[in-house]
Amino acid sequence: GAEASGAAISEQRRARGAATDAAVEAELLGYFLLLHATQPHELNAALATAPPLSRCSEPVRLALRVAGALARSDAADLTRTMHSAPPLCACCMLCLLPDARSTLLRQLHAASNGRELLPLGILARLLWLPDETAAEACARAHGIAVEEAAAGRGVRLKQPGFRPQPEMALPPLPPAALARWYGDGSGDAISVLRGAYG
């Protein structure tokens, strides 16, 4: 009786340990995928070698939602996902935004006819930025001048001087819906991110 009971307890502990190991592995895979969400080859390679249970886990599903939103330049979906993500996952997502913004600016530059002024407010929403001031800083870092117009300030794309990459490191500013959350510095993860990027 006692021997059988001891064996059962040991088996339960082994099962709990295996489940914990699997959960940690899935979480770490999710972080890796988040940090490589703009690199399809890295994503595919990591998923191809991951255990089946990890591939179906919530951290991995979250990372794939983020990768899809970035690939579609879907600011609304990205903001919703970031808003509902755990703090450390949200930090990983914020770190992706500077490169994602440069990619989107290159797309906007290529598609523009160069004749119409794009208002800074609209540019901020397109680039997942919190306000017009941040949009202006991002535009200027890419060599895009800001112009004054009767309807307000904006940028004119398809002009000389455009730089595909910014001339300086840009901070991973959050979308408008998360700007206050980021500015408050609530939680250890946000404090670390703000300390690293400003």
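User: Hi! Where does K158 lie?
Analyst: K158 is in the loop between β3 and α9. Those labels are DSSP runs numbered from the N terminus, with helices being H or I of at least four residues and strands E of at least two. Before we go on: this is a predicted model, where local features need pLDDT of at least 70, side-chain atom pairs count only at pLDDT 80 or more, and totals for chains, interfaces and linings use all residues. Residues are numbered from 1 along each chain as its sequence is written, and side-chain values use heavy atoms, leaving out hydrogens and water.

User: Ok. What's the phi of K158?
Analyst: Near 60 degrees, a positive value in a residue other than glycine. K158 is partly exposed, because its relative accessible area is 38%. Buried means under 20% relative accessible area, exposed over 50%, and partly exposed in between, using a 1.4 Å probe and protein chains only.

User: And W128, what about its phi?
Analyst: W128 isn't a glycine either, but has a positive phi of about 55 degrees. You'll find W128 in the loop between α7 and α8.

User: Why does W128 count as buried?
Analyst: Because its relative accessibility is 2%.

User: Which residues does P175 touch?
Analyst: Leaving out residues up to four places away in sequence, P175 touches T79, M82, L97, W128, L129 and P130. Contact here means heavy atoms within 4.5 Å. P175 and L129 are 46 residues apart in sequence, yet 4.7 Å apart in space, C-alpha to C-alpha.

User: Is P175 buried or exposed?
Analyst: P175 counts as buried, because its relative accessibility is 3%. P175 is found in the loop between β3 and α9.

User: Switching topic: how many helices and strands are there?
Analyst: The chain has ten helices and three strands. Buried residues make up 39% of its 198 residues.

User: Which residues of α8 are buried?
Analyst: In α8, residues 132-141, the buried ones are A134, A135, E136, C138, A139 and A141. Their cover includes α6 (87-111), α7 (120-126), β2 (146-149) and β3 (152-155).

User: What's at the start of α8?
Analyst: A side-chain oxygen of D131 reaches to within 3.2 Å of the backbone nitrogen of T133. After α8 comes G143, with a positive phi near 80 degrees.

User: How do α5 and α6 cross?
Analyst: The axes of α5 (residues 75-84) and α6 come within 9 Å and cross at roughly 145 degrees. Axes are lines fitted to C-alpha atoms, for helices over the stretch in contact, and angles run from 0 to 180 degrees between N-to-C directions.

User: Which residues make that contact?
Analyst: L78, T81 and M82 from α5, with A90, M93, L94 and L97 from α6.

User: Last one: which residues touch the most other members in the largest nonpolar core?
Analyst: L33, V66, L70 and L78, in a core of 29 residues. A nonpolar core is a set of buried Ala, Val, Leu, Ile, Met, Phe, Trp, Tyr and Cys residues joined through side-chain atoms within 4.5 Å.

User: Where do the core residues come from?
Analyst: α1 (2-35), α2 (40-49), α4 (58-72), α5 and α6 each supply at least two. The largest share, eight residues, comes from α6. Apart from this core lies another of 19 residues, among them L123, A124, A134 and L157.

Note on methods:
A polar contact is a pair of N or O atoms within 3.5 Å; within protein, one must be able to donate a hydrogen and the other to accept it, and residues adjacent in sequence count only if both atoms are side-chain atoms.
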